[in-house]
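Subject: Handover of a protein model and the findings from it

Dear colleague,

Please find below the structure that I am handing over to you.

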Amino acid sequence: MQTLLKYAFTFLFSLTLSAAFLYANNLADDLKEGRDFITLNKPLNVPKNTIVELFNVGCPYCASINKILPNLFSLLPNEVVFMPYHIITSAPFSTQASEVLAVSLSLDKAQNLSPKSSNSHFKRVLDSYFDANFQQRKRFNNAESFIAHGLSVLNISKEVFDSTLKEPYTQMLLKEWKDSARYANIQGVPSFIINGKYLILAQGLKSEEDFIYKVDYLLERD
């Protein structure tokens with residue numbers, strides 16, 4: 001818990017982004033495997049130039065980091081792919097959150113929208129759940145009300161939700177997320193895996209610039 005708190009804290013109280021890569025140049029010789037990142041024994045089956053985030057909508061540290069991800073994306077090449085993996089935890093309505101988020105990504109795929117985009121279904125519904133959980137302190141009465149909140153943000157009916165949930169792409173996402181839960185056991189959520197095999201260690205992060213540099217460095221490592 002202290003590690004995750006430190007992780008979120010360093011993101012929220014970092015230096016300005018304009019100095020990110022200038023600062024990063026001084027870190028190149030200091031980046032060490034085992035301290036700053038680890039190489040997974042069983043990599044994720046994802047393409048190169050991919051950032052995978054393991055997260056959960058009931059995680060306050062995930063909510064904090066979500067706010068700075070647009071800054072990260074703005075500094076990386078457009079071809080870098082962001083793949084959000086919602087991990088089911090003991091947080092309330094975790095399973096339902098996975099379903100709503102997977103459906104949102106299916107809707108985005110149909111409209112050729114990236115989850116990095118502020119206009120994406122994924123980003124809008126994720127932000128809404130984070131806001132409901134940690135700003136409004138909203139308490140959902142049951143799974144139905146939790147799902148209904150998401151459908152309202154997505155502006156779709158329950159019938160569209162149910163049919164999209166059954167689509168092969170949506171089911172593939174849910175399976176990938178479930179199969180990837182073991183990686184969250186390494187240090188919890190949020191966690192970032194670069195190119196499917198380099199997991200950035202939270203305890204080694206010093207600042208937002210440090211995080212941005214490590215993502216960029218590991219994207220180019222292969």
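The notes below begin with the whole protein and then turn to its individual elements.

This is a predicted model, in which local features need pLDDT of at least 70 and side-chain atom pairs count only at pLDDT 80 or more, while totals for chains, interfaces and linings use all residues. Residues are numbered from 1 along each chain as its sequence is written, and side-chain values use heavy atoms, with hydrogens and water left out.

Overall picture

The protein has eleven helices and five strands; helices (H or I, at least four residues) and strands (E, at least two) are DSSP runs, numbered from the N terminus. Of its 222 residues, 51% are buried. Here buried means under 20% relative accessible area, exposed means over 50%, and partly exposed lies in between (1.4 Å probe, protein chains only). The accessible surface of the protein comes to about 11000 Å², and carbon and sulfur atoms account for 52% of it; these areas come from the Shrake-Rupley method with a 1.4 Å probe, and for residues only the protein chains shown count as cover.

Contact means heavy atoms within 4.5 Å. Among contacts between residues at least 6 apart in sequence, 76% join residues at least 24 apart.

The largest nonpolar core has 66 residues. Such a core is a set of buried Ala, Val, Leu, Ile, Met, Phe, Trp, Tyr and Cys residues joined through side-chain atoms within 4.5 Å. The residues with the most contacts inside this core are Ile51, Leu54, Val57, Leu72, Tyr85 and Val215.

Strand β2 covers residues 50–55, and six of its six residues are buried, so the strand is largely enclosed by the rest of the structure. Thr50, Val52 and Leu54 point one way from β2, whereas Ile51, Glu53 and Phe55 point the other way. In a regular strand the side chains alternate between the two faces of the sheet.

Two strands pair if DSSP finds at least two bridges between them. Strand β2 runs parallel to β3, to which six bridges join it, and Ile51 has Phe82 as its bridge partner in β3. Strand β2 is also joined by four bridges to β4 (residues 191–194), in an antiparallel arrangement; there Leu54 stands opposite Ser191. Five of the six residues of β3 are buried, so β3 too is largely enclosed by the rest of the structure.

Leaving aside neighbours within four places in sequence, the contacts of Ile51 include Leu72, Phe82, Ile194, Val215 and Leu219.

Helix α9

Helix α9 (residues 168–179) has twelve residues and reaches 16 Å from its first C-alpha to its last, close to the 16 Å expected at 1.5 Å a residue. That expected span is 1.5 Å times one less than the number of residues. Which residues of α9 are buried? They are Thr170, Leu173, Leu174 and Trp177. Seen down the axis of α9, these buried residues fall within an arc of 95°, so they line one face of the helix; the arc is that of the directions from the helix axis to the C-beta atoms. The buried residues of α9 pack against β3 (81–86), α5 (94–110), α8 (158–165) and α10 (181–187). On the other side of α9, Pro168 and Lys175 are exposed.

Individual residues in other helices

Ser104 lies in helix α5 and counts as buried, at 0% relative accessibility. Not counting residues up to four places away in sequence, Ser104 touches His121, Phe122, Val125 and Leu154.

Asn66 belongs to helix α3 (residues 60–66) and is buried, with a relative accessible area of 9%. With neighbours within four places in sequence set aside, Asn66 is in contact with Lys123, Leu126, Asp127 and Phe130.

Ala148, in helix α7 (residues 143–154), is partly exposed, with a relative accessible area of 42%. Its C-alpha atom is separated by 9.6 Å from that of Val100, 48 residues apart along the chain.

Tyr217 is placed in helix α11 (residues 208–219) and counts as partly exposed at 28% relative accessibility.

Yours sincerely
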